[in-house]
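Welcome! Take a look at the sequence and the model, then read on.

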Amino acid sequence: MPGQTRPPDGTALGYKRYGTEMAQALELYEKKILRDEEFPIQLFMNRFRKKGRCFAVHWHEHIELHYVVSGQTILKLEQEEILARKGDLVIANSNILHEGFCDGTPMETLVVIFDMADFSRELADKNIIFQPWIRNDPEIDRMMRNIYGEFTRQEIGNRLVCKGYLLQLVAYLVRHYAREMLDKGDSLRRQKKLQRLNSVYQYIESNYSAPIGNRELADLIHVSEGRFYHIFKESAGMAPLQYINEVRLRKAMNLLKQGDYTATEVADAVGFSDYNHFGRLFRRSFGCTPSEVRKNIRT
């Protein structure tokens, strides 16, 4: 993802805080640097009440766990959309595009990010792909609740206890929820595919206000238009035009929140020539109209 994107209240144990403004960065690749050898883990909470995006689409070599503590959340893993409810665990495997949304239901999720190599070189070499959605497993619920409790209480030694529970969790997942094991070649091909598309995502972020066609995007990675459409949809889980419009809508929301422009000016600035079409897409995405956003900002 463009840099590292997390909601303002997502605080990592021993690491920096993340701001939503980072979603404006250009690349989808999220570089993780976990320098603490004793606690090579990112651990934080995502809390949302309003409908919208929790975190923007991104990928990395690390494994990312989302445990729903309360409410429900929508997580997209490439083409799979998951409505995860309280007690569910969603796993974003390494080198997988993923993003998260709040549907308007108050939600709280515990997010754990780690590199398998920091725990076990033997398991890391197996390139394990975990089942992405786990429900109704009391053992996982117990371990994640224990991690959540240690994280929220912040008592002395909590990092050590959290790491211990996480080691138990990883061993349990390997034994019960390992879906497949990739050879090194397959793993590298998955990573190369995502790196290849980075130039496309960067181009869209830089040129979203202008008309963009599949042909010019296909030329960036030197494939036919049909092949490009297939590669992009397989990775992003949506057609190129839908993704471009999502970028435009996100930029439009940022401009509207500044309060300096009319809704019509914003639509034109982000690349929508038809204001009515812009309004329909905006309402579908954010649950309100552009004019309502401006009104709320003013009041």
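Is Asn136 buried or exposed? Asn136 is exposed, because its relative accessible area is 72%, over the 50% that the word requires. Please keep in mind that this is a predicted model.

**The protein as a whole**
- You will find 10 helices and 11 strands in the protein.
- The protein has 299 residues, and 51% of them count as buried.
- Among contacts with a separation of 6 or more, 72% are between residues 24 or more positions apart.

**Two asparagines with positive phi**
- Asn136, the residue we began with, sits in the loop between β10 (133-134) and α2 (138-153).
- The phi angle of Asn136 is near 55 degrees, which is a positive value in a residue other than glycine.
- Asn127 also has a positive phi, near 50 degrees, and belongs to the loop between α1 (121-125) and β9 (128-130).
- Asn127 counts as partly exposed because its relative accessibility is 22%, which falls between the limits of 20% and 50%.

**Glu108 and its surroundings**
- Glu108 is part of strand β8, which covers residues 107-114.
- With a relative accessible area of 13%, Glu108 is under the 20% cut-off, so this residue counts as buried.
- The side chain of Glu108 makes a polar contact of 2.9 Å with the side chain of Arg47.
- A polar contact of 3.4 Å links the side chain of Glu108 to that of Tyr148.
- Beyond its neighbours within four places in sequence, Glu108 is in contact with several residues, including Met45, Asn46, Tyr67, Val68, Val69 and Ser70.

**Where two helices meet**
- Helix α7 (residues 240-258) and helix α10 (residues 290-298) have axes that come within 8 Å and cross at roughly 35 degrees.
- This crossing of α7 and α10 is right-handed.
- On the α7 side, Met253, Leu256 and Lys257 make the contact, while α10 brings Pro290, Val293, Arg294 and Ile297.
- By type, the residues in the contact of α7 with α10 are five nonpolar, two charged and no polar.

Technical notes:
Residues numbered from 1 in each chain as written. Predicted model: local features only at pLDDT ≥ 70, side-chain atom pairs only at ≥ 80, totals over all residues. Heavy atoms only, no water. Helix = DSSP H or I, 4+ residues; strand = E, 2+ residues; numbered from the N terminus. Buried < 20%, exposed > 50% of the residue type's maximum accessible area, 1.4 Å probe, protein only. Contact = heavy atoms within 4.5 Å. Polar contact = N/O pair within 3.5 Å; in protein donor to acceptor, adjacent residues only side chain to side chain. Axes fitted to C-alpha atoms, helices over the stretch in contact; angles between N-to-C directions. Left-handed = near helix turned anticlockwise from the far one by under 90°. Nonpolar A, V, L, I, M, F, W, Y, C, P; charged D, E, K, R; others polar.
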